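Please open the structure in a viewer and keep the selection tool at hand.

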Amino acid sequence: MLRGKLMMKPLIGAALFAAAAGQAHAATFVFEAGNGAIFPSETIVAGFDDPADDAAITGSNFRFLTSTSADGSLPAAGDGSRYLSVLAGGEASFDFAQPVRGFSVDLGSLDSYNKLSVRFVGGDTQSFTGDDIVVNANGDQAADRTNGRFRLAGDAGQLIAGVTFSSGGNSFEADRIAVTAVPEPAMWAMMISGFGLIGYASRRSRTPRTTLA
């Protein structure tokens, strides 16, 4: 059963990775394990429920599914309806109608061979594998740890043009892509807590140690 209370370890781990990426214009993300909540300020732009909207997704070797099968697993933190599944060697891209500051998406049964790539206005990209998002992404179809809501915000002045899901094996599941003009305060609070731990860990690593014989 999914828990409404967020699991802070996966959240902090995600924030730590994003901050340590070292890119000049690195976007920051959090992964809300076991949670699929949509913020009031977010608007769903791709829910995959209406086949008439399927043309908005471009790429190859992907499917739209309604249940768990050999081609994909229903995202445990999603809305339980039709979802996107990218198969082995495939990719599926979605372009936002207008550039956005941030977006979120339900991700299901994360595997190490899954990859989410963010495409920015101007041509830059930033990618995250399943292992970047959670520790030991093993494809568990039911565990909170590998199912949840991925949220990403660009740097100040940085705009996001689209997102691409790709996978080296079956499968990479996604649902309910939503956009927001300004990231929620709760999201920034979680990111800041992760950044604080980075500074704390850095200070501890520089502290001289004395070894007693």
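Begin with Asn-61, which is partly exposed, with a relative accessible area of 31%; buried means under 20% relative accessible area, exposed over 50%, and partly exposed in between (1.4 Å probe, protein chains only). This is a predicted model, in which local features need pLDDT of at least 70 and side-chain atom pairs count only at pLDDT 80 or more, while totals for chains, interfaces and linings use all residues. Residues are numbered from 1 along each chain as its sequence is written, and side-chain values use heavy atoms, with hydrogens and water left out.

**Strand β3**

Asn-61 belongs to strand β3; strands (E, at least two residues) are DSSP runs, numbered from the N terminus. Most residues other than glycine have a negative phi. Next select Thr-58, also found in strand β3 and partly exposed at 45% relative accessibility.

**A negative patch**

Select Asp-49, Asp-50, Asp-53 and Asp-79, which form a negative surface patch. Such a patch is made of residues with over 30% relative accessible area and no salt bridge, with like charges joined within 9 Å. Asp and Glu count as negative, and the place of the charge in Asp is taken as CG. Accessible areas come from the Shrake-Rupley method with a 1.4 Å probe. Asp-49 lies in the loop between β2 (43–46) and β3 (57–65) and is partly exposed, with a relative accessible area of 43%.

**Salt bridges**

A salt bridge is a side-chain nitrogen of Lys or Arg within 4 Å of a carboxyl oxygen of Asp or Glu. How many salt bridges does this rule give? The count comes to six.

- Select Arg-82 and Asp-54, whose closest N and O atoms are 2.8 Å apart in a salt bridge. The pair links distant parts of the chain, 28 residues apart: Arg-82 in the loop between β3 and β4, and Asp-54 in the loop between β2 and β3. Arg-82 is buried at 14% relative accessible area, and Asp-54 is buried at 19%.
- Move to Asp-95 and Arg-119, whose side chains meet in a salt bridge (2.8 Å, N to O). Asp-95 is in strand β4 and Arg-119 in strand β6 (residues 114–120), 24 residues apart. Asp-95 counts as partly exposed at 48% relative accessibility, as does Arg-119 at 22%.
- Continue to Arg-149 and Asp-106, a salt bridge with closest N and O atoms 3.0 Å apart. The pair joins strand β8 (residues 148–153) to strand β5 (residues 102–108) across 43 residues, and both partners are buried.
- Finally, display Glu-32, Glu-42 and Arg-151, which are linked in a network of salt bridges.

**Three loop positions**

Select Ser-73, in the loop between β3 and β4 (83–100). Is Ser-73 buried or exposed? Ser-73 is buried, with a relative accessible area of 2%. Its side chain makes a polar contact with the side chain of Gln-141 (3.5 Å); a polar contact is a pair of N or O atoms within 3.5 Å, where within protein one must be able to donate a hydrogen and the other to accept it, and residues adjacent in sequence count only if both atoms are side-chain atoms.

Then go to Ser-109 in the loop between β5 and β6, buried at 3% relative accessibility. Phi of Ser-109 is positive, near 40°.

The last stop is Ser-171, in the loop between β9 (160–167) and β10 (172–180). A cis peptide bond, with omega about 0°, joins Asn-170 and Ser-171.

Terms used:
Patches are made of residues with over 30% relative accessible area and no salt bridge: like charges are joined within 9 Å, nonpolar side chains (Val, Leu, Ile, Met, Phe, Trp, Tyr) within 5 Å. Helices (H or I, at least four residues) and strands (E, at least two) are DSSP runs, numbered from the N terminus.
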